[in-house]
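Please read it alongside the sequence and the coordinates.

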Amino acid sequence: MKPRKTRKIKIGSLTIGGDSPVAVQSMTATRTQDLEATAKQIKILEEAGADVIRIAVDSDKDVEALKILRSNSKAVFSVDLQENYKLAPLVAPLVNKIRYNPGHLYHLEKNKTIREKVEFIVQAAKEHECAIRIGVNCGSIDPDYKERFAHDELEGMVQCAVDHCAMLDELNFVDYCVSLKDSDSQKVIEANKRFSELRPDVPLHLGVTEAGLPPEGVIKTRIAFEQLISKGIGDTIRVSLTLPDDEKGQEIDVGRDILKDIDEGRFRSVPENFLEGLNIIACPSCSRVENGKFVELAQDVRALTKYAEKYKLTIAVMGCRVNGPGETDDADLGLWCGPTHVNLKEGPKTLGSFTYDEILGQLKSEVDRLISEKFNEPVAK
Ligand code: SF4
């Protein structure tokens, strides 16, 4: 095990980085404005021992809900700004860390530069002693970097993170960390290795996004964490699993189990042929899910496609219209959920929109078609 050598940063009462223990965090999956459900999620995560609890905020009403949630919990809170960076000064007094996604900054106020927007967030964080996470995500890369690094998307993610670090450095802001997430464990490993070579001082938040349902989601996450943490890379982790709201505490339990195994030198061998066949990725769900049937749908997709296990296909199941359309682009078949309909895609192409009752039958037809087209085999019954 290589020692971790990043600088230490403060997130409220918590310190991450350097030789501090690797912090384990998670995120509420409920609608932030549903106070009862979100307070229950916070309690579940606190009881599971979460070091940081992240809550998504996208509107003034979410900020009002956050005020109430804050007054009822002493947990270390992080806020996910999603697309509305302008909320930073309103949320900063209520939380200990602000996560912004560089790929979402272009949405609002197109007349302002990215640097001006970053400065705005940093100003709010400085005033209220919040840490910041620069959270780069494969499904929402800044369009500028996506274009410039079209030949190597991972490099685009890494360079985007490095450039944002430089902006924060120039603004004399120190308490920040970075994440580079993808749903593919190998890409997570590669991106984080490249970044840590360029910025070995910056603490890293590790995660395999949309890892999906357990047990496959746990294995994908374990592969990435084992490879990185054993090399001294990674200061805080988030395990993203597709789980019913009441079972979200499992993300913390799984994270702690993986860390304990790594610490004690127990590296789990990955099952033979793992991911050589059908790969189902699913998002962990969050406050943006518009239909609670999403988790059940992900489970049904796995059960339905069991007959296709030996075929190398990727099916992505995403919970919302905000990130779902982009994050299904690379899958052979993608499903993203709206309030009443599920949208079905093949790569970037939309195949149609179906009710929750219709979608499984439609998906089965498409899987059968791909098996016969790509593998030139009659459909397995
Ligand atoms: S795809 Fe949508 S619902 Fe799923 S975690 Fe991402 S933002 Fe949340």
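Val317 is in contact with Ile280, Ala282, Leu297, Ala298, Val301 and Leu335, its neighbours within four places in sequence being left aside; contact here requires the C-beta atoms of two residues, placed from the backbone, to lie within 7 Å. This is a predicted model, in which local features need pLDDT of at least 70 and side-chain atom pairs count only at pLDDT 80 or more, while totals for chains, interfaces and linings use all residues. Residues are numbered from 1 along each chain as its sequence is written.

Val317 is also among the residues with the most contacts inside the largest nonpolar core, which has 109 residues, and the others listed with it are Ile98, Ile121, Ile132, Met157 and Ala161. Such a core is a set of buried Ala, Val, Leu, Ile, Met, Phe, Trp, Tyr and Cys residues joined through C-beta atoms within 7 Å, where buried means that 20 or more other C-beta atoms lie within 10 Å of a residue's own, exposed means 12 or fewer, and partly exposed lies in between. α6 gives the most to this core, with seven residues. At least three residues come from each of domain 1 (9-263) and domain 2 (279-374), the bounds being taken from an automatic or database domain assignment.

Helices (H or I, at least four residues) and strands (E, at least two) are DSSP runs, numbered from the N terminus. Three residues separate β13 and β14 in a hairpin, and Cys337 has Val342 of β14 as its bridge partner.

Val342 in turn has Phe354 of β15 as a bridge partner, and six bridges join β14 to strand β15 (residues 349-355) in an antiparallel arrangement. This second hairpin has two residues between its strands, and Gly347 in the turn has a positive phi of about 55°.

## Backbone features in loops

Glu129, in the loop between α4 (114-127) and β7 (131-137), has a positive phi of about 50° although it is not a glycine. Asn172, in the loop between α6 (153-170) and β8 (176-181), likewise is not a glycine and has a positive phi of about 55°. Glu129 is exposed, with 12 other C-beta atoms within 10 Å, and Asn172 counts as exposed with 8 C-beta neighbours inside 10 Å.

The peptide bond from Pro214 to Pro215 is cis, with omega near 10°, and Pro215 is found in the loop between β9 (204-206) and α8 (216-229).

Note on methods:
Two strands pair if DSSP finds at least two bridges between them.
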